[in-house]
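Q: I have a structure open and would like to go through it step by step. Could we begin with the overall layout and then turn to details?

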Amino acid sequence: MMRALPYLLLTLLLSGCASVSLEHDFDPGRDFSAYRSWSWKDTKLLYQPDDARLKSDITEARISQAVADQLEQRGLRQASAGQGDLKVQSVLIVDERQDQITTQYGGGWGGYWGGYWGGPAFTETRRVDYKVATLQIDLYDARDGKLVWRGSGEQIMRNQPPSPAERERAIRDTVTQVLSQYPPR
């Protein structure tokens, strides 16, 4: 179980659950057409929380390759370490959240002849705990180190662990969706 936990936590975010909620932000004062190359920041992938159960070399490799492929499709070539116009870093965030769900049961209704019939009404409120995973991709200007673009995809994690093929596909799909908003228009 401990061996499967990193896969479970990470890939549940990235695996075929509900749709991905996308967000992006950018510095409108930047000329994005001037960025032609990129390289990784010193740390390619950060984990929040910084928990050993989340970390996986396999997941890091999948995310890194998917990001590299998508940046290349957007006309950015990968430069050697420490070079390039942009520095790229990804962040995998797993949050625990909860909602309260209230359901009303029973109650009466009026009949055709004006009588009241039905059972007593009652309300049930339950707390639902769930996890949300976010994959965030940050692009920094290599000259001044300032963040120039950020995109993220967030989704509710499902309960069943996905297969390695599902993990691979889910990571690629999420990265593709997040980077579909680069360059900003």
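This is a predicted model: local features need pLDDT of at least 70, side-chain atom pairs count only at pLDDT 80 or more; totals for chains, interfaces and linings use all residues.

Q: In what order do the elements of the chain run from the N terminus on?
A: The order is α-β-β-α-β-β-β-β-α.

Q: How much of the chain counts as buried?
A: Of its 185 residues, 39% count as buried. The accessible surface of the chain is about 10,900 Å², and carbon and sulfur atoms account for 48% of that surface.

Q: What about contacts between residues at least 6 apart in sequence: what share join residues at least 24 apart?
A: That share is 77%.

Q: Let us look at helix α2. How many residues does α2 have, and how far does it reach?
A: Helix α2 has 17 residues, and the distance from its first C-alpha to its last is 24 Å. That is close to the 24 Å expected at 1.5 Å a residue. The helix covers residues 57–73.

Q: What is found at the start of α2, and what just after it?
A: At the start, a side-chain oxygen of S56 comes to within 3.3 Å of the backbone nitrogen of I58. Just after the helix, G75 adopts a positive phi of about 85°.

Q: Which residues of α2 are buried?
A: They are T59, R62, I63, S64, A66, V67, A68, Q70 and L71.

Q: R62 is on that list. Why does R62 count as buried?
A: R62 has a relative accessibility of 14%, and buried means under 20%, so R62 falls within the buried class.

Q: And which residues is R62 in contact with, leaving aside its neighbours within four places in sequence?
A: R62 is in contact with P164, R167, E168 and I171. Of the elements in the chain, α3 spans residues 164–179.

Q: Q70 is in helix α2 too. Is Q70 buried or exposed?
A: Q70 is buried, because its relative accessible area is 7%.

Q: What does Q70 touch, not counting residues up to four places away in sequence?
A: Q70 touches V175, T176 and L179. With T176 there is a polar contact between the two side chains, at 3.2 Å. As for V175, it stands 105 residues from Q70 along the chain, yet the C-alpha atoms of Q70 and V175 are separated by 7.5 Å.

Q: Now the largest nonpolar core, please. Which of its residues touch the most other members?
A: The core has 29 residues, and V67, I137, W149 and Y182 touch the most other members. At least two residues of this core come from each of β2 (37–48), α2, β4 (86–110), β5 (116–141), β6 (147–156) and α3.

Q: Which element gives the most to this core?
A: Helix α2 does, with five residues.

Q: Could you take I137 as an example: which residues is I137 in contact with, apart from neighbours within four places in sequence?
A: The contacts of I137 include V67 and W149, both of which were named above among the residues touching the most other core members. Others among them are V88, Q89, S90, V175, V178 and L179.

Q: A change of topic: how many aromatic pairs does the structure hold?
A: It holds five aromatic pairs. One of them joins F26 and F32 edge-to-face, with 6.1 Å from centre to centre and 80° between the planes. F32 also pairs edge-to-face with Y35, at 5.8 Å from centre to centre and 70° between the planes.

Q: Which residues form the aromatic cluster?
A: The cluster is formed by F26, F32, Y35, W149 and Y182.

Methods: Residues are numbered from 1 along each chain as its sequence is written. Side-chain values use heavy atoms; hydrogens and water are left out. Helices (H or I, at least four residues) and strands (E, at least two) are DSSP runs, numbered from the N terminus. Buried means under 20% relative accessible area, exposed over 50%, partly exposed in between (1.4 Å probe, protein chains only). Contact means heavy atoms within 4.5 Å. The expected span of a helix is 1.5 Å times one less than its number of residues. A polar contact is a pair of N or O atoms within 3.5 Å; within protein, one must be able to donate a hydrogen and the other to accept it, and residues adjacent in sequence count only if both atoms are side-chain atoms. A nonpolar core is a set of buried Ala, Val, Leu, Ile, Met, Phe, Trp, Tyr and Cys residues joined through side-chain atoms within 4.5 Å. Accessible areas come from the Shrake-Rupley method with a 1.4 Å probe; for residues, only the protein chains shown count as cover. Rings of Phe, Tyr and Trp (its six-membered ring) pair if their centres lie within 6.5 Å; planes under 30 degrees apart count as stacked, over 60 as edge-to-face and the rest as tilted.
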